[in-house]
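Work through the exercises below with the model open. Try each task before reading its solution.

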Amino acid sequence: MSNSTVDASKRTWLIASSCAGAVGAGFVAVPFVSSFQPSERAKAAGAPVEVDISALAPGQKMTVEWRGKPVWILRRTPEQLAGIKKVDAEVADPQSKRTAYPTPEYAQNEYRSIKPEIFVAVGICTHLGCSPTDKLQPGPQPSLPDDWQGGFLCPCHGSTFDLAGRVYKNKPAPDNLEVPPYTFLSDTRLLIGEDKKA
């Protein structure tokens, strides 16, 4: 056997084994790379949520989950809407102009909503992430002022929010409650997580 014959067979073996290795690496890499894609569960967690509010009576609140956060939907009564106007001078950011939690343009108004009677907000305090409790009834109550118009009280550090989710002045929470992106699909159906109809 000559040296050229041995070298040629070695070369063929090296080329064949290199090709086999590359193909094998490709088979291993495809599942590995595709593991970086979000799972179906993760996609669903971030997906918009459609909510039927037809049974929500005036003065009632419901909670749904979107992206792992509680989202409140409150149907405000005419009396509750009037109470919001009474506290404009007492809240820290009446028109939601602060940018820590940007408010969608359609909610940069006194009611912080598309329709005045329907309030949609993420139910997490902007201070340290506790969930405020409902204090929807007006009037004197423990830990609240005597002229309370209704709203929410964070039990962790005492931040108070009005019925539009606006934080009162001189409270630990630095910002109003977050308004998520949402749109009305009809008078009785909301889509939380998207600003525009699909």
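The side chain of Arg-112 makes a polar contact with the side chain of Thr-103, at 3.4 Å. Keep in mind that this is a predicted model.

**Exercise 1. Determine whether Arg-112 is buried or exposed, and find the nearest side chain of opposite charge.**

Solution. 
- Step 1: Arg-112 sits in the loop between α3 (78-86) and β4 (118-122).
- Step 2: Check burial. Arg-112 is buried.
- Step 3: Look for a charge partner. The nearest side chain of opposite charge is Asp-175, 6.3 Å away. A salt bridge needs the nitrogen within 4 Å of a carboxyl oxygen. Arg-112 has no salt bridge.
- Step 4: List neighbours, leaving out residues up to four places away in sequence. Arg-112 touches, among them, Thr-103, Phe-119, Arg-166 and Asn-176.

**Exercise 2. Work out the order of the strands in the open sheet that holds β2, β3 and β4.**

Solution. 
- Step 1: Read the order. The three strands run β2-β3-β4, with antiparallel pairing.
- Step 2: Find the edges. β2 (61-66) and β4 each have a single partner strand, so one side of each lacks a neighbour in the sheet.
- Step 3: Take the twist. From one strand to the next, it averages 20 degrees.
- Step 4: Inspect one pairing. β3 (residues 69-75) and β4 are joined by five bridges.

**Exercise 3. Which parts of the chain does the salt bridge between Glu-178 and Lys-69 tie together?**

Solution. 
- Step 1: Confirm the bridge. The two side chains meet at 3.8 Å, N to O.
- Step 2: Locate the ends. Glu-178 is in the loop between β7 (160-162) and β8 (182-184) and Lys-69 is in strand β3, so the bridge ties parts 109 residues apart in sequence.
- Step 3: Check accessibility. Glu-178 is partly exposed at 21%. Lys-69 is partly exposed at 28%.

**Exercise 4. Examine the salt bridge between Arg-166 and Asp-88.**

Solution. 
- Step 1: Take the distance. The closest N and O atoms are 2.8 Å apart.
- Step 2: Locate the ends. Arg-166 lies in the loop between β7 and β8, Asp-88 in the loop between α3 and β4, so the bridge ties parts 78 residues apart in sequence.
- Step 3: Arg-166 is buried, with a relative accessible area of 0%. Asp-88 is partly exposed at 25%.
- Step 4: Return to Arg-112. Arg-166 is among the residues that Arg-112 touches.

Key
Residues are numbered from 1 along each chain as its sequence is written. This is a predicted model: local features need pLDDT of at least 70, side-chain atom pairs count only at pLDDT 80 or more; totals for chains, interfaces and linings use all residues. Side-chain values use heavy atoms; hydrogens and water are left out. Helices (H or I, at least four residues) and strands (E, at least two) are DSSP runs, numbered from the N terminus. Buried means under 20% relative accessible area, exposed over 50%, partly exposed in between (1.4 Å probe, protein chains only). Lys and Arg count as positive and Asp and Glu as negative; His and the chain ends are not counted. A polar contact is a pair of N or O atoms within 3.5 Å; within protein, one must be able to donate a hydrogen and the other to accept it, and residues adjacent in sequence count only if both atoms are side-chain atoms. Contact means heavy atoms within 4.5 Å. Two strands pair if DSSP finds at least two bridges between them. Axes are lines fitted to C-alpha atoms, for helices over the stretch in contact, and angles run from 0 to 180 degrees between N-to-C directions.
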